[in-house]
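I open this notebook to record what I looked up in one structure. The entries follow the order in which I took up each topic.

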Amino acid sequence: MKKLICAALLVASATATFAQDGVVKKARAKMEQAQDLVAQPERKPADEQKLQELISSTLEMIEPTLTSPETKRQLASAWDVKANLKLFLVNGYVSKLQAGEQIEVQPFHDIVLEAVDAMEQCYKVELENGTIAKRQKDSDVVCYSVRNKAFALNCRQYLAFCGQQFYGEEKYAEAEACFVRWMDYSKLYTIVAEETAVENDPNAPQMAFFTCLCAYNAKDFATISNYIALAKQYEEQKSQANQLYIAALIEQGDTAAWLEAGRQVVLEDADNNEGIAQNILAYYFSKNQIDEAKAFTNSILEADPASRLGNYAMGTILMNDRKFEQAIPYFDKAIEADPTFSDAIYNAGVCYCDWGFDINEQLAGKKMTQAQFDAAVAPVKDCYAKAEAYFLKIRELEPDNVRKWASRLRSVYNVLGKKAQEAEMDALLGDE
């Protein structure tokens, strides 16, 4: 009796397996009918409707077989059928794009993922059942994954497209997800693991930058840390990548990490990361950490003694400490590096004026003959005379910024006794 029961169960199991595999075969036949319609370049409305109905009904038919334990020999085929049906839908969107039509990005994105996920499942089944190995020895062995590889690579590019579209719509989290999947494609889809390894992909640095950009806008700052090293290899946006990383650290309130990362970025390329350096210096000044500011600036100058930024920063530190004579050579070096560096030019002129003012202050209350006074005042006038050239340069660079240079030149001409020029500045300044 027990033998009869076991035999009956075996027959039932075999019948169920046969039934499920039979469903897959029927689904493949319907999928091939749909494929014939897809191949028609100009389908009539009736054909298009028939195609959509075939795709819909075949997907409905195949879906239960994908998770049924009774689907045995045809499981890889079942996943391949689903992948192809989804690809037919993907191709519909792509055709619209090629025709210049607008599409809805979200459904396109979802179908792309469904297609590539089905291809990956098909590959895993073929890998497990030995089909992949057999195909490597015998090219006549039917292996769906051989053809699907090219489709899987196309789907990666479609994801990049979706990421760009989502970003344009300010859907930053969705855009980030697309770019992250693009970056991690070789890990997620082993069917094309070798072909999509980022270390061998020249486009990876650019895509890593887009990933970080979207992550920043989505306020997913942790993701930036995962991809920033590669993003910084994208030379066209290296500075922007650095700024994204620094800004992300600030957003997270990690001051220590921000300072460390900022210092490294600036030392790598100080003159192209002035904004970061200025923020670091501003932080040190706000905390009255002058020694730290000097050490940071010295490290910039050690890396590049001609650095426009390093020389300007050191000049500013010395200027704030009223060490005008020492500050001026640094400003001059910054100007030498960039003759249009108006802030350095202006500060050098201010240093000469303030230096002259300090010398003059030391003369207050001293009893001197006229000759002694003239000799003592000579260095004061010399400082103001040197300042004139700097402020005239500012006038040349920023002619519309009258109040910046005219008030300074008025003081210079007053000390030098140039009444006509002083009157000109008064007229420019009006009632100030």
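**Conventions.** I note that this is a predicted model, in which local features need pLDDT of at least 70, side-chain atom pairs count only at pLDDT 80 or more, and totals for chains, interfaces and linings use all residues. Residues are numbered from 1 along each chain as its sequence is written, and side-chain values use heavy atoms, with hydrogens and water left out.

**Helix 10.** I looked up helix 10, residues 221-231; helices (H or I, at least four residues) are DSSP runs, numbered from the N terminus. Its buried residues (under 20% relative accessible area, 1.4 Å probe, protein chains only) are F221, T223, I224, Y227, I228 and A231. Seen down the axis, they fall within an arc of 135°, so they line one face of the helix; the arc is that of the directions from the helix axis to the C-beta atoms. I recalled that an α-helix has 3.6 residues a turn, so residues three or four places apart point the same way. On the other side of helix 10, A222, N226 and A229 are exposed, a term that stands for over 50% relative accessible area. The cover of the buried residues includes helix 7, helix 9 and helix 11, where contact means heavy atoms within 4.5 Å.

**Helix 13.** I checked the length of helix 13 (residues 274-286): its 13 residues at 1.5 Å each should span 18 Å, and the end C-alpha atoms are 18 Å apart, which agrees. The expected span is 1.5 Å times one less than the number of residues. Which residues of helix 13 are buried? They are E274, I276, A277, I280, L281 and Y284. They cover an arc of only 165° around the axis, which puts them on the same side of helix 13. Helix 11, helix 12, helix 14 and helix 15 are among what covers them.

**Helix 15.** I found helix 15 mostly covered, with twelve of its 13 residues buried. Among them are R308, Y312 and M319. The cover includes helix 12, helix 13, helix 14, helix 16 and helix 17. At the start of helix 15, a side-chain oxygen of S307 comes to within 3.3 Å of the backbone nitrogen of L309.

**Positive phi.** I recalled that most residues other than glycine have a negative phi. K219, however, has a positive phi near 60°; K219 lies in the loop between helix 9 and helix 10 and is exposed, at 58% relative accessible area. N288 likewise has a positive phi of about 60°, lies in the loop between helix 13 and helix 14, and is exposed at 62%.

**Aromatic rings.** I noted 17 aromatic pairs in the structure; rings of Phe, Tyr and Trp (its six-membered ring) pair if their centres lie within 6.5 Å, and planes under 30 degrees apart count as stacked, over 60 as edge-to-face and the rest as tilted. F179 and F210 form a tilted pair, 5.8 Å centre to centre with 40° between the planes. This pair links distant parts of the chain, F179 in helix 7 and F210 in helix 9, 31 residues apart. F179 is buried, at 2% relative accessible area. Y93, F108, Y158 and F161 form one aromatic cluster.

**Charges over rings.** I looked lastly at charged ends over rings, counted if NZ of Lys or CZ of Arg is within 6 Å of the ring centre and within 35 degrees of the ring normal. R308 sits over the ring of F341, 3.8 Å from its centre. K333 sits over the ring of Y330, 5.9 Å from its centre.

Terms used. Helix = DSSP H or I, 4+ residues; strand = E, 2+ residues; numbered from the N terminus. Polar contact = N/O pair within 3.5 Å; in protein donor to acceptor, adjacent residues only side chain to side chain.
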